[in-house]
Amino acid sequence: MKNILSMMLALALAASLGACGGAKHEPAPAADPAPSAQQPANTEPAQTASGGQQTAPAQTGETKPAEPEKTEPQPAHPYTGHLHLVKRFGSDMASDEFDGTWQSLGSYKNEMLYLDDEHAKKYPELQKALEKFSSENADLCQTMLDDMMSTGREMHDAGADLSTHPDSTWEISVYVTRADDNLLSFVEETYSYMGGVHPDYIYRCFNYDPQTGKEIEFTDLVKDEDAFKDLVAKKLSESYPEVFESYDEQGMKSLLTDWFRYVNTGNAAGGTVQIYQPWWFAGNQGLTVIFNEYDIAPYAAGTLTATVLYDEAPELFDMEWLAPAPDYVTPLISWWGSGYDLGHDGTLDEIWVETEGEYDDMIEEYYINSLSLTVGEETSEQIGDLWCSSVTPYIVHTQDGCDMAFIFCENMYEGFTEIFDVTDGIGYAGQVYGWYGYDILTDPSYVPVWKNCNVAGTFMGSRIYKVGEYGSFYSDDPWYALETDIEMTTIDVLDLPLCKDPSASEFNDIETLPAGTGLLPLRTNDSDWIDLKDTSTGDEYRMFIETGEYESDQYLPDGRSLYDVFEIVYWAG
């Protein structure tokens with residue numbers, strides 16, 4: 001069975017083609033896997049091919065009057081860093097017993113958005129706003145689940161055969177389009193099927209000032225609504241000619257007459273609130289408006305978007321607020337039909353990930369086994385043997401002008417990252433073992449990569465990678481921080497050196513731990529040592545490991561097997 005998943009995004013990334021792109025290049029060598037003990041701080045696992053060199057202009061002997069020095073305007077909220085966000089997930093199912101048989105009635109899935117612990121302390125008002133957003137959606141999901149239950153009972157009482165009725169579904173997803181300390185923008189997508197001919201997609205947008213936690217108004221960022229509206233009308237006509245073929249220029253403007261204003265609408269609590277229509281969000285290079293199904297076109301037209309680039313009409317925007325960060329991340333989202341101008345040349349470039357897979361009847365799951373990346377008319381070679389359940393693509397724009405596509409692939413047990421240089425054409429930059437967990441990629445210098453570490457058992461570990469010069473992807477961390485609450489309990493005495501400084505090269509203070517000592521894994525180089533904390537005293541120790549023919553055959557330096565020393569050794573797979 002073949003499934004094609006196209007994620008299209010018209011990109012306009014401010015790319016410097018001298019560093020990464022230049023002429024189209026051959027694929028770069030594959031990246032090294034995550035560093036081992038012999039590579040404690042591998043700084044070049046994914047170098048990309050370089051393009052043409054920049055040269056100084058020729059000297060003609062002519063002299064020109066000195067031009068006044070140009071200075072960039074300083075933002076009213078000066079950029080100092082990116083926001084770090086995480087997702088949390090909620091889900092539940094509705095089912096009931098009818099005539100002695102349990103029947104599924106529906107389900108919900110809910111993505112909730114928060115700042116990570118460090119940034120929650122730095123931006124407490126924004127964290128409160130995100131908690132409110134997530135809490136309201138959680139309440140809404142529970143309300144929808146209750147409705148599924150009551151509707152199912154009503155249908156049964158009316159004589160309907162529920163076994164032939166498709167389950168109802170309510171799913172909320174969140175896409176972060178910009179996240180720095182100047183501006184947080186994200187889009188909420190609600191997919192719902194409550195019976196009927198087709199499902200529905202509804203989009204709402206949220207734009208916050210991270211300093212205050214208050215929502216930013218459209219008129220705070222756009223100085224001339226009428227001129228902006230005229231540009232949107234033009235872009236809609238150009239992007240969707242089959243939808244608006246019967247409209248001339250004036251007709252398109254008339255179509256938007258009742259838009260770009262505040263309207264009263266109901267909320268989940270049964271009250272009335274004012275919202276600005278259409279929904280809009282800020283990106284790193286432009287401001288986008290979204291028209292939901294039925295807003296200005298039939299259902300078959302789908303969700304319509306129009307992006308006005310900041311460089312295209314800077315006079316329309318408050319650029320002191322919208323000035324982008326020097327490096328940034330853009331998600332590749334299927335519904336974002338227009339976004340950025342690659343190279344600032346005024347043209348929109350389609351970028352999408354195409355996947356192929358098959359349904360596994362044994363585990364009743366669909367798996368992706370290959371993918372390729374397309375930029376305009378060029379498509380990369382297909383990467384096979386993936387066997388992943390999902391792919392999450394991003395474009396990372398670096399400070400030196402590189403545009404890198406990061407495609408995070410994961411399944412239940414493991415993951416890896418495919419990297420492409422898309423500054424000019426497509427160049428394969430390699431693969432890194434590990435995947436991007438529940439954090440949302442917003443900061444090129446902060447990319448937590450997770451993997452299964454197999455030292456003294458299998459534990460989930462992470463370390464911070466960053467996207468550096470020429471699109472290189474590397475980590476300065478010499479170890480993986482382990483995330484586990486599983487204690488390893490000794491059944492024999494164990495001599496271990498104290499670990500007062502994890503970065504030290506020698507450990508000479510040896511202590512003898514009695515049988516029954518509980519040790520919590522803290523960190524490992526994923527090769528030949530693991531740091532453990534005594535859960536009763538808080539002292540930390542380093543345990544060195546030697547591995548036999550198989551990965552699970554691991555021994556202490558004194559020759560004893562792990563199974564002779566610990567009550568249980570936990571291995572995955």
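Begin by selecting strand β10, residues 286–291, which is mostly covered, with 6 of its 6 residues buried; buried here means under 20% relative accessible area, exposed means over 50%, and partly exposed lies in between, with a 1.4 Å probe and protein chains only. Helices (H or I, at least four residues) and strands (E, at least two) are DSSP runs numbered from the N terminus. This is a predicted model, in which local features need pLDDT of at least 70 and side-chain atom pairs count only at pLDDT 80 or more, while totals for chains, interfaces and linings use all residues. Residues are numbered from 1 along each chain as its sequence is written, and side-chain values use heavy atoms, with hydrogens and water left out.

Now show the side chains of β10. Gly286, Thr288 and Ile290 point one way from the strand, whereas Leu287, Val289 and Phe291 point the other way, and all of them are buried.

Strand β9, residues 279–282, pairs with β10 in the antiparallel sense over 4 bridges, where two strands count as paired if DSSP finds at least two bridges between them. Within this pairing, Trp279 has Ile290 of β10 as its bridge partner, and the hairpin that joins β9 to β10 passes through 3 residues.

For the next stop, select Arg523, Asp531, Glu540 and Arg542, which are linked in a network of salt bridges. A salt bridge is a side-chain nitrogen of Lys or Arg within 4 Å of a carboxyl oxygen of Asp or Glu. Asp531 forms one with Arg523, the closest N and O atoms being 2.8 Å apart, and both of these residues are buried. Asp531 also forms a salt bridge with Arg542, with the closest N and O atoms 2.7 Å apart. Because Asp531 lies in strand β30 (residues 529–534) and Arg542 in strand β31 (residues 540–544), this pair ties together parts that are 11 residues apart in sequence. Asp531 has a relative accessible area of 0%, and Arg542 counts as buried at 3% relative accessibility.

Move on to Lys466 and Asp476, whose side chains meet in a salt bridge at 3.3 Å, N to O. The pair links distant parts of the chain, 10 residues apart, with Lys466 in strand β23 (residues 458–467) and Asp476 in the loop between β24 (473–475) and β25 (480–482). Lys466 counts as partly exposed at 24% relative accessibility, and Asp476 likewise counts as partly exposed, at 39%.

Then turn to the surface and select Ile486, Ile568 and Tyr570, which form a nonpolar patch with about 230 Å² of accessible area together. Patches are made of residues with over 30% relative accessible area and no salt bridge, like charges being joined within 9 Å and nonpolar side chains (Val, Leu, Ile, Met, Phe, Trp, Tyr) within 5 Å; accessible areas come from the Shrake-Rupley method with a 1.4 Å probe, and for residues only the protein chains shown count as cover. Ile486 is found in the loop between β25 and β26 (488–489).

Finally, display the whole protein chain, which has 7 helices and 33 strands. Buried residues make up 49% of its 573 residues, and the structure holds 17 salt bridges.
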